[in-house]
Amino acid sequence: MTEPPVRQQTTNAFYGQAVASFAVSIGAVAVGIGYLDASSWVRGFLAIAVLYLTTSAFTLAKVVRDRQEVVQIVSRVDQARVDKLLVEHDPFGKP
């Protein structure tokens, strides 16, 4: 009655590209902050701001993913209940 959900899995190439892109972007910002013509306090503030932005982006991505997984699990449980009710229902049985 129900079809198993399709597992969406990323390829190794996509994963590698994402990791490489992250490493390049963090490296470019670090080099940019290092060569910035400003005092060490300004460079330190920018470095801390970049680290804070990075960790909050990871946290946001995880929260969005977790919320999506919960919705998928709840919908599968609801679908299983409906399937069970349909299987147990006998329209020609005695009332």
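## A walk along helix α2

Start by selecting arginine 65 and glutamate 69: these two sit four residues apart in helix α2, so about one helical turn separates them. Helices here are DSSP runs of H or I with at least four residues, numbered from the N terminus. You are looking at a predicted model, where local features need pLDDT of at least 70, side-chain atom pairs count only at pLDDT 80 or more, and totals for chains, interfaces and linings use all residues. Residues are numbered from 1 along each chain as its sequence is written, and side-chain values use heavy atoms, leaving out hydrogens and water.

Now show the side chains of your pair. Arginine 65 and glutamate 69 meet in a salt bridge, at 4.0 Å from N to O. The term means a side-chain nitrogen of Lys or Arg within 4 Å of a carboxyl oxygen of Asp or Glu. Side chains of opposite charge can pair when their charged atoms come close.

Then select lysine 62, which forms a salt bridge with aspartate 66 at 2.6 Å between the closest N and O atoms. Lysine 62 and aspartate 66 are also four residues apart in helix α2. With Lys62, Arg65, Asp66 and Glu69 all on screen, you can see a network of salt bridges linking them.

How many salt bridges does the structure hold? There are three.

Last stop: leucine 46, also in helix α2, which spans residues 40–88. Leucine 46 is partly exposed, at 32% relative accessible area (between buried, under 20%, and exposed, over 50%, with a 1.4 Å probe and protein chains only).
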